[in-house]
Amino acid sequence: YAVEIFLFQVVCTGSQEEEEKAECVPGFQEKEYRVEYSGGFLKDIPLLQVVFDDCTGNEGVEFEVSNPDFLIDEKLNLVPRRHVIDSGDVMFVHGVNNHVDDMAQVTIMGAPSRSPQTLREILGLSDMMPYRSKRSLLVPPMFVPENQRAPFPRLIGKVISSNMKEDHIFRLTGRGADQDPKGVFSINRLTGDVAVSRALDREAIAYYHLQVSTTDLSGKLVEGPADLDVSVIDQNDNRPVFKEPRYSGEVQEGSPTGTTVMTMTAYDADDPNTDNAVLRYIIVRQLPDKPSPNMFYIDPERGDIVTVISPHQLDRETLPTTQYELEIVAKDMAGSEVGLTGTATATITITDRNDHAPEFTHSLFQASVNEGSTGVVVNLTVDDRDDPATGAWRAIYSIINGDPNQNFEIQTNLDNNEGMLSVVKPLDYESAMFHTLLIKVENEDPLVPDVVYGSSSTATVYITVMDVNEGPVFFPDPLVVIRRENIPVGSFVAMLNATDPDYLQTQSIRFSVLRDPADWLIVNPFKGNVTTRAILDRESPHVHNNQYTALFMATDNGSPPASGTGTLIITIEDENDNAPYIFPSVARVCEDSKDMNVVIGGRDKDIHPNTDPFKIELGKQPGLEKTWKISRINDTHSQIMLLHSLKKANYNLPLVLTDSGVPPISNNTELKVQVCTCKKNRMDCSHAGSIQTNILLLLGLVLLSILCKYSFSPPLTTLTRTADPSYQNAGNSR
């Protein structure tokens, strides 16, 4: 019961203190206040007036409210800093100076709950006191303004224990006491007074959570631990800081008033729940200040920079500059005079839009060009007031009339935006002496809706074609004729035809041979008829695919003379003027071979029908058919079979090869046959010549003995020597 009486004295109301007016008690004269909640509180409208007296005149008293949306003004009125809806249902007012440190509670009647704690709950009290009688350690929350000045330590609150005995002491633990940062707070071991030992920095640590307990002198725990929460009350000790010292933005010329250009953002390290961190933005200077010093506006709360100048004044081509610099100031304390400031620079570039059509500097351009030449003939110049670095300035030229044959082309010079008019197909003076072109110029980017291309965006170009002496032109070119080979010298081949394009002038033409690889042709210089000066030979190396090519030149008598070239192609028809020949010309066989066969073929330099089928026969020498036999394989090849073995030697086999031309041509030729020694897939023909002599002698003796023994009979063959001493007649086989 004594504990309840003591607690009642701690939270006593103003009605009790009115009975003791005779004695001044420093602090709040009323500890509890009530305010009706009606949906919220309006900014700067007082809610109530607290009663506070330090008994010495209230000098230097500072008040802090637990809800940062409220403050105590000079008349001790509780006033909202802003429009408040979520006020919570309870707040605490802390008053302190050198003489007193006291706290009062304000209850918001009917408000939605913001915090579960009331003063009674913080102190551990409730309406059910009999059930909480075991808890006698009372620890109220404490508030400490940051940046306090000496002297220290300063008393910030008191912890009360109803069961405190002489051998009991208070103990303070936790961060800020016996944990880093150590020694910030201390507690009087006997009285429970809590003090701060040095100035605090809310931006470093805004909240301390400690524990209070009581122990006996031996250190044995008696009560607790109970939580002690110390909140550091913010002071406006941090200036607003912009993230960057310079910001850049762009706005297109002609943009509507109110167009957002960019957003400036600054930060304040102070408590965001107080005006210390509520920022307001303002433009303090604009450079240059023409055409108006207030071309831009910044939203005080959001920091959005928008245009104020009218669209027609926001013209990049008429403004004194395309870049404006704004000095932006951010001030805390919601922009009040006592607020701290930070500064940054905003650079705004006025960007171009295509609001000016390009215009030719002249309505008429003139140029001259030699016929037959190509290249740039004139450069067309334009003016455009838009930004040269954009597609609103870059020009695109087009020929809209006067070029039906597409002889001209126009391209943009990227360095100076001029139009380079070129001749891409040579002009002909005789066809047209003058050309009139209509040129149009546009921009890469489309024009804005209220601007159109006018008459100055088109120009006329007069082109004068200068006459040049042109060389004669052959027709047809090439000239193709067909002639048979071996025609007599002086035979007519072709008639050259060349005309002079300069038909407005009277000029004569002379013909000459420019290139005649085989030196077969001659041309009449005046008439142009081509005749032979040598025999045409289809088999000549200068003939390719049966065609012979010669080049002629025609020269006029202009000043200076001009010439042209023409080509004559002669397709040469074949005659049967080449005898066929055999291949291969040498054949090798093994002396002990049971099947001694040789395959040979015929070839001819002529072409069909003067070539195959070939007829291959043995020569007319008697006795060859007893040693050799020829059988046809196909139109070009035949097989020669050896009817009996031959000794190792070299033999000449006479053959007759005939083509199918009309008339046919025959060739009496020889096939050289080498009879070699063959062992293990190796053929040795090196001693065939030395063996030949022995064979001749042996054959001679054999024949002599036959003639003596038997009656006379015709000889099988006759032995002969060839120009090569290593070869003998292929008929001497026995």
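**Close-up views of a predicted model**

**Figure 1. The hairpin of β53 and β54.** Strands β53 and β54 form a hairpin with 2 residues between them, and Lys680 in the turn has a positive phi of about 50°. This view, like those that follow, is taken from a predicted model. Strand β54 spans residues 682–684, and its pairing with β53 is antiparallel, over 3 bridges. Within this pairing, Cys678 has Met683 of β54 as its bridge partner.

**Figure 2. Further partners of strand β53.** Strand β53 covers residues 666–679 and runs parallel to strand β47 (residues 586–590), to which 5 bridges join it. Arg588 stands opposite Gln674 in β53. Strand β52 (residues 649–658) runs antiparallel to β53, and 10 bridges join these two strands. Here Asn652 stands opposite Lys672 in β53. In general, the strands of a sheet pair through backbone hydrogen bonds, in either a parallel or an antiparallel manner.

**Figure 3. The disulfide of Cys590 and Cys678.** The sulfur atoms of Cys590 and Cys678 lie 1.8 Å apart and form a disulfide. The torsion about the S-S bond is about -85°, so this disulfide is left-handed. The link connects distant parts of the chain: Cys590 belongs to strand β47 and Cys678 to strand β53, 88 residues apart. Cys678 is also the residue whose bridge partner in β54 is Met683.

**Figure 4. The disulfide of Cys676 and Cys685.** Cys676 and Cys685 form a disulfide in which the sulfur atoms are 1.7 Å apart. The link is right-handed, with 100° about the S-S bond. Are these two cysteines buried or exposed? Both Cys676 and Cys685 are buried.

**Figure 5. The disulfide of Cys24 and Cys55.** A disulfide is formed by Cys24 and Cys55, with 1.8 Å between their sulfur atoms. With -90° about the S-S bond, this link is left-handed. The pair joins distant parts of the chain, 31 residues apart: Cys24 is in the loop between α2 (14–18) and β1 (27–28), and Cys55 is in the loop between β4 (52–53) and β5 (62–65). Cys24 counts as partly exposed because its relative accessibility is 41%. Cys55, at 32% relative accessibility, also counts as partly exposed. The chain has a count of 3 disulfides. With bonded cysteines counted along the chain, the disulfides follow the pattern 1-2, 3-5, 4-6.

**Figure 6. An open sheet of four strands.** In what order do the 4 strands of this open sheet lie? The order is β38-β45-β44-β41, and the pairing is mixed. From one strand to the next, the twist averages 30°. Strand β38 runs parallel to strand β45 (residues 563–573), and 6 bridges join the two. Leu479 has Leu568 in β45 as its bridge partner.

Figure 7. Asn486 is located in the loop between β38 and β39 (492–495). Its phi is near 70°, a positive value in a residue other than glycine. With a relative accessible area of 30%, Asn486 is partly exposed.

**Figure 8. An open sheet of three strands.** The strands of this open sheet, 3 in number, follow the order β12-β16-β15 with antiparallel pairing. Strands β12 (154–158) and β15 (185–187) are the edge strands, and each pairs on one side only. The twist averages 30° from one strand to the next. Strand β12 is joined by 4 bridges to strand β16 (residues 193–196), and the two run antiparallel. Lys158 stands opposite Asp193 in β16.

**Figure 9. Two cis peptide bonds.** Ala150 and Pro151 are joined by a cis peptide bond with an omega of about 15°. Pro151 lies in the loop between β11 (142–145) and β12. A cis peptide bond also joins Leu287 and Pro288, where omega is about -10°. Pro288 is placed in the loop between β23 (280–287) and β24 (296–298).

**Figure 10. A positive phi at Met333.** Which loop contains Met333? Met333 is found in the loop between β26 (323–331) and β27 (341–351). Although Met333 is not a glycine, its phi is positive, at about 55°.

Terms used: Residues numbered from 1 in each chain as written. Predicted model: local features only at pLDDT ≥ 70, side-chain atom pairs only at ≥ 80, totals over all residues. Heavy atoms only, no water. Pairing = 2+ DSSP bridges. Axes fitted to C-alpha atoms, helices over the stretch in contact; angles between N-to-C directions. Disulfide = S-S within 2.5 Å. Buried < 20%, exposed > 50% of the residue type's maximum accessible area, 1.4 Å probe, protein only.
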